[in-house]
Amino acid sequence: GPFHAVVDKSDYRLDLYHGDAERPGEWRYIASYLVGLGEDDSTPTGSFAVRPNSRLINPHWVNPRTGQKFDAEDPENPIGERWIGLEGLGADAIKTGYGLHGTIEPDSIGAQRSMGCIRLRDADVELLYELLLPGSLVTIRD
């Protein structure tokens, strides 16, 4: 590392890069992954970083709209087996509660069906979980 990501909403794509966070013009492209995004264009654009202590394996989840709870081992848990929490940077610091995660609905990749988070196929988010560490930059753009 360090590794960083750029999410291109118009292409439903996350590009992974390697390089110094202070010198993005020198980052080297590593790979691309298809993503799912928030319904009604609810995935925010902006500058984010992987939040400390927010990378979770097999997390529990509470639906913020309904209050429905999903245990860690629940096969119906919509966020899958990995969670990588994001924190907004600078003017984007007000954008909270977003992250990268897996999905139990692989057909949602390439569509707008999440609550604003970025969904990935399970194998893809498992790899990114190992590479995107606290402080890794994540830029989301239209």
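Buried means under 20% relative accessible area, exposed over 50%, and partly exposed in between, with a 1.4 Å probe and protein chains only. This is a predicted model, in which local features need pLDDT of at least 70 and side-chain atom pairs count only at pLDDT 80 or more, while totals for chains, interfaces and linings use all residues. Residues are numbered from 1 along each chain as its sequence is written, and side-chain values use heavy atoms, with hydrogens and water left out.

Q: Which residue forms a salt bridge with aspartate 142?
A: Aspartate 142 counts as exposed at 60% relative accessibility, and the closest N and O atoms of the salt bridge are 3.7 Å apart. The pair links distant parts of the chain, 133 residues apart, with aspartate 142 in the segment after strand E11 (137-141) and its partner in the loop between strand E1 (3-8) and strand E2 (13-18); strands (E, at least two residues) and helices (H or I, at least four) are DSSP runs numbered from the N terminus. The partner counts as buried at 8% relative accessibility, and the residue is lysine 9.

Q: Which residue meets arginine 119 in a salt bridge?
A: Arginine 119 is buried, with a relative accessible area of 8%, and the N to O distance in the salt bridge is 3.7 Å. Arginine 119 lies in strand E10 (residues 118-120), and the partner, 14 residues apart from it, is in the loop between E8 and strand E9 (112-114). The partner is partly exposed at 30%, and the residue is glutamate 105.

Q: Why is strand E7 (residues 82-88) largely enclosed by the rest of the structure?
A: Strands are said to pair if DSSP finds at least two bridges between them. Strand E4 (residues 46-57) pairs with E7 in the antiparallel sense over six bridges, and three bridges join E7 to strand E8 (residues 99-101), also antiparallel. E7 is described as largely enclosed because the number of its seven residues that are buried is six.

Terms used:
A salt bridge is a side-chain nitrogen of Lys or Arg within 4 Å of a carboxyl oxygen of Asp or Glu.
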